[in-house]
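Reader: I've got a model open and I'd like to learn how to read its contacts and charged pairs. Can you walk me through it?

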Amino acid sequence: MSTTILLSERTGPVKKLREQGQVPAVVYSSRMDSEHVTVPEKEIRASLKRNPHAILNVALPSKSKESVIIHHVQKDSLTGQLLHVDFLQIDMKEKLDTAIAIQFIGEAKGTKEGGILQVESHEVMIRCMPNKLPESLALDISTLSIGEHLTVADLKVPKNVEVLSDPETVLVTILGTQKLDTTPEADAQSEAATE
């Protein structure tokens, strides 16, 4: 848990708010009406960089303090500017379903052999109590050879965390590189074809 982020009531044109370093946002949950607010861009960027799935403490304009997670971030595809943030209010006494990042550890054996590492998914869905939420799940790829892959079932998962994603889902694969046939026989065949 980080320090409390102060959310302000959203007033005035959205463009002006962004110019002032504020990002339009909404806080919602099944237990309260949605609150349209703004969040300081500097603080939310720092939080996203540290851990995009972290639980944050926020102070709402209504003076209540809530625990939230970042549910969705809308960015400008060209400039990378933050356009809007959705916060989901959570109950610290109830299990939480959320996406969590996968941390790929090591250098795959297959890449040293000339293969190409292809990541199929960077995150999985998990369920756990909010205070048990890990920053990421580790996946050791160092033993992977060309043609091999790892699935959700290969993740190292803490005992108090349940993975909701299909265990058969492929997370990472080592692809073989295609080589052109440059043997003298192939050269002779191509020369014969051009005559």
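Author: Start with contacts: two residues touch when heavy atoms lie within 4.5 Å. Keep in mind that this is a predicted model. Here, among contacts with a separation of 6 or more, residues 24 or more positions apart account for 63%.

Reader: And which secondary structure elements does the chain have?

Author: Four helices and 14 strands. Four of the strands make an open sheet, ordered 11-8-10-13, with mixed pairing. Strand 11 (136-140) and strand 13 (162-163) sit at the edges with a single partner strand each, so one side of each has no neighbour in the sheet. Strands 8 and 11 run parallel, joined by five bridges, and Gln103 stands opposite Ala138.

Reader: Now the charges. How many salt bridges are there?

Author: The general idea is that side chains of opposite charge can pair when their charged atoms come close. In this chain the count is three. One of them is Asp97 with Arg127, at 2.7 Å, N to O. That pair links strand 8 to strand 10 (residues 123-128), 30 residues apart.

Reader: What does Arg127 do with Glu162?

Author: Their side chains meet in another salt bridge, at 4.0 Å. This pair ties strand 10 to strand 13, 35 residues apart. Through shared partners, Asp97, Arg127 and Glu162 form one network.

Reader: Where do Arg45 and Glu41 lie?

Author: Both are in helix 2 (residues 41-50), four residues apart, about one turn. Buried means under 20% relative accessible area, so Glu41 at 18% is buried, while Arg45 at 35% is partly exposed.

Technical notes: Residues numbered from 1 in each chain as written. Predicted model: local features only at pLDDT ≥ 70, side-chain atom pairs only at ≥ 80, totals over all residues. Heavy atoms only, no water. Pairing = 2+ DSSP bridges. Helix = DSSP H or I, 4+ residues; strand = E, 2+ residues; numbered from the N terminus. Buried < 20%, exposed > 50% of the residue type's maximum accessible area, 1.4 Å probe, protein only.
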